[in-house]
Amino acid sequence: MNLSPQIEQKIKSSFAGQTMMTTFGAALAEISPGAVTITATIPGRCRQQHGFGHAAHTFGLGDSAAGYAALSVMPEQAEVLTSEMKIHLLAPAQGDRIEAVGRVVKPGRRLVIVQAEVFAITGATRTQIALLTGTMVPILPKC
């Protein structure tokens, strides 16, 4: 299954409107049906007191990757909102960059179950730092 150009453009436009992703230094790296990858640096303004990337930075990247993965399998007129999201922090966010890989676990008309894996990358070393699981809700325009 290929992603329609309209859905791909919708995801790119939506992402460009997220000022938080700009703050995080994030970019869309890959978009495919049911999967989206977002990459980012760890800006100094997004670090916690020990110098690691803050958990909010990790969560925001994972939530957005999962949300856009969900949007990629929804009807073109739909928008998406997170209903719930759980995060398991597995290791400190330290590295040259962060990569959040969101994917759809189970699509649905009313709920879309998603997952995101978040990695810290330094050179060739890729360490998983978080696992998120959650539920996205399609928001359809009222007819």
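In what order do the six strands of the open sheet run? In this predicted model, the order is β1-β2-β4-β5-β6-β3, and the pairing is antiparallel. The edges belong to β1 (26–32) and β3 (79–89), each of which pairs on one side only. On average, neighbouring strands of the sheet are turned by 25 degrees against each other, direction ignored.

Strand β5 (residues 112–122) and strand β6 (residues 125–139) are joined antiparallel over 11 bridges. If you want a spot to look at, find Gln115: its bridge partner in β6 is Thr133.

Now for the helix. α1 lies across β1, β2 (35–40) and β3, and runs at about 165 degrees to β1. Lys10 sits in this helix, which spans residues 5–16. Is Lys10 buried or exposed? Lys10 counts as buried because its relative accessible area is 17%, under the 20% cut-off. Setting aside neighbours within four places in sequence, Lys10 touches Leu71, Pro75, Glu76, Gln77, Ala78 and Glu79.

Val105 is called partly exposed because its relative accessible area is 45%, which falls between the 20% and 50% cut-offs.

Here are the two residues side by side:

| Residue | Relative accessible area | Class |
|---|---|---|
| Lys10 | 17% | buried |
| Val105 | 45% | partly exposed |

Key: Residues are numbered from 1 along each chain as its sequence is written. This is a predicted model: local features need pLDDT of at least 70, side-chain atom pairs count only at pLDDT 80 or more; totals for chains, interfaces and linings use all residues. Side-chain values use heavy atoms; hydrogens and water are left out. Helices (H or I, at least four residues) and strands (E, at least two) are DSSP runs, numbered from the N terminus. Buried means under 20% relative accessible area, exposed over 50%, partly exposed in between (1.4 Å probe, protein chains only). Contact means heavy atoms within 4.5 Å. Two strands pair if DSSP finds at least two bridges between them. Axes are lines fitted to C-alpha atoms, for helices over the stretch in contact, and angles run from 0 to 180 degrees between N-to-C directions.
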